[in-house]
Amino acid sequence: MLGIMIGVAAVILLVALGNGTSARLNEQITSLGTNLIGVLQSRGSVATSGKTQPLTDKDVKALQQDTQGPRFSSVTPVKQASAVLAFQNSLWRTSIVGSSREYLTAFHRTMAAGNFYTDGDVNTSNRVAVLGPKPVERLFGGRSVDALGQTIRIGRQSFQVVGVLVPNGLNDDIAVMPISATRNYLVGGGDTVDQIVVEATSQATVPPTMNKITRILMDRHKVHDPDQKDFEVRSNLELLRQYTQVSDVLTLFLFIIAAISLFVGGIGIMNIMLVTVTERTREIGIRKAVGARRKAILKQFLIESVVLAGVGGLIGVVVGVGLSLLGKTLGASFGQFAPPELSAGSVVLAFTVSLCVGLFFGAYPANRAARMRPIDALRYE
Amino acid sequence: MIQLEGVTKVYRAGAAEVRALDNVDLTIKAGELVAIMGPSGSGKTTMMNILGCLDSPTSGRYLLDGIDVSDLDDDQLADVRGRKIGFVFQSYNLLSRTSAVVNVELPLLYSNTRSRRTRAAAALAEVGLADRAEHLPNELSGGQQQRVAIARALVTEPAVLLADEPTGNLDSTASGEIARMLVKLSDAGRTVVLITHETEIASYAKRVVKLLDGRVVADSGGPDKNRHGAGDRDAAANGNDAGDGVSVTEVAN
């Protein structure tokens, strides 16, 4: 019966965990925008042949100005770096993102305080920065209001904090600044960009949008063979699909484990029932002697095994639901896992399966009881 | 009512063969009260088990109310055991974890009868145990358990009552009561066959069949000297016509 309990509790908890994780993943990727497409410099074999051209502002402009085919909601250049932020006595190394003012909308972020920088700031290479919640936590004790207007050092230069971002669970340890400022004060590199982020108009237009980007850039980079392109175009949607696939496989795997433990539980039930039937041999003989048909004896013992399994299943449900709710209220994730999302369907399924296990594994012992010859059963000591 | 024709029961114990019953012929009419007697190992219990459809003969026929029992399937046999036959076992065979009244109810349960509790309670009252209905068997004396077993055998109002040493554990008062009850049942039309080793009890029966080594060696069709109760008038009325079985000189006990 312990096996049934564990199996049922496991199914419920694991389905809940699985649900929670995929819900969280979905949430995160959706919040990042499933319409987002990233263009990066290729890291494949083409790169080693020396023919790669980096992505540049001109590429960005080309994308922004092309009017053929599906429209882009936005085209955002991104330059990445790493630097140490300093304020009074606190130091914190964080990721630096240099980008245009479209960054805010393209990456689906909102302001917790202050304002994002403007086109003007980009044009004048103004030393302004928008901090993510992690640097604010480290330098200003989490008080966004205190951060506004302050001057901090980024690398060797002073920057003014003009805004603070609302956390999104994925990119909270960053500082965003005008791309021009990144080039002038932090990393240099002329007019190259590390990444171009294109926002498609909808999930449906992502594939044709990706095709358009590839076409434009192949043209610009004078590449005629798609296999030879020196850039990569990737969409968040693909990423989501890949994650979902992995999580599905994982869930299946965990399901199999739960199924095995239910099976083991079933064997346990069968053993208990076999012992019970043997111990009650005389009783079975008496019942047959006073008129019990085979079916009546069969029914009697099947009901017992189903009830036995059902009780185990019920306890498993209580344990599984309890652990899931506990996990949920403990709120924060255990490392990688998101808080479990209880699924009523899994509870019903697991409990029903436990009853079926009782029926299936109780059949053999019940049959043995039904087939006993009354005279032999009565003589049993 | 009951006909055994050439019934033989053989047990194989390894290489050896044990003939528990050897070519037994016996006919019992409806309403007869028959006592089966004989030393240990004479085949009495084996014969009762066959009569009660709990066991089947190795060869020969058993006709119950004209029907050859070997033609019946398992479900039909179960029905016969539940409705047509009432069996009182020597070791009572009560369910130890259920109360007396539920024990008595058991045959009714399997014959799908309504108002079981009422009928079971009535049967218990007939054996004088109405006040012990809720007791468990281990809370009852041997004699009381015996009476519960009898009540259970009677609760379906079967045509045939088979009793294996029904007074084996009873004192003389209780024994007498049970014996008189059996006579009453027989007078009311039921066929009663009982195994006993006490001549006192056997004397209540109109007919005594003696077994030895699996064979019928004596069968008194007629009335006995020490009849009690309503037996005397039966003796006068029926004379010797109850003895359809083999009539051989009585073997002295």
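Student: Is the crossing of helix 3 and helix 9 of chain A left-handed or right-handed?
Tutor: Helix 3 of chain A passes helix 9 of chain A in a right-handed crossing (near helix turned clockwise from the far one by less than a right angle; anticlockwise is left-handed). Helices (H or I, at least four residues) and strands (E, at least two) are DSSP runs, numbered from the N terminus. This is a predicted model, where local features need pLDDT of at least 70, side-chain atom pairs count only at pLDDT 80 or more, and totals for chains, interfaces and linings use all residues. Residues count from 1 along each chain as its sequence is written, with chains lettered from A and ligands numbered from 1 in the order written.

Student: At what angle do the axes of helix 3 and helix 9 of chain A cross?
Tutor: Roughly 135°, with the axes of helix 3 (57-65) and helix 9 (206-220) of chain A coming within 10 Å (axes are fitted to C-alpha atoms, for helices over the stretch in contact; angles run from 0 to 180 degrees between N-to-C directions). That angle makes helix 3 of chain A oblique to helix 9 of chain A (under 35 is roughly parallel, over 145 roughly antiparallel, 65 to 115 roughly perpendicular, the rest oblique).

Student: Which residues make that contact?
Tutor: Helix 3 of chain A brings A:Asp59, A:Ala62 and A:Leu63. Helix 9 of chain A brings A:Ile213, A:Ile216, A:Leu217 and A:Arg220 (contact: C-beta atoms, placed from the backbone, within 7 Å). Five are nonpolar, none polar and two charged.

Student: Switching to chain B. How do helix 3 and helix 5 pack there?
Tutor: Helix 3 (100-110) and helix 5 (142-154) of chain B meet at about 30°, axes 7 Å apart. So helix 3 of chain B is roughly parallel to helix 5 of chain B. Their crossing is right-handed.

Student: And who touches whom?
Tutor: From helix 3 of chain B come B:Ala100, B:Asn103, B:Val104, B:Leu106 and B:Pro107.

Student: How many residues of chain B are in contact with chain A?
Tutor: 18 residues of chain B, against 14 residues of chain A.

Student: Which helix of chain B gives the largest share of its side?
Tutor: Helix 2 of chain B, with seven residues. Helix 2 (74-84) and helix 3 of chain B each supply at least two.

Student: What does helix 5 of chain B touch on the sheet?
Tutor: Strand 6 and strand 7 (160-164) of chain B. The direction of helix 5 of chain B makes about 170° with that of strand 6 of chain B.

How values were computed:
Contact = placed C-beta atoms within 7 Å. Nonpolar A, V, L, I, M, F, W, Y, C, P; charged D, E, K, R; others polar.
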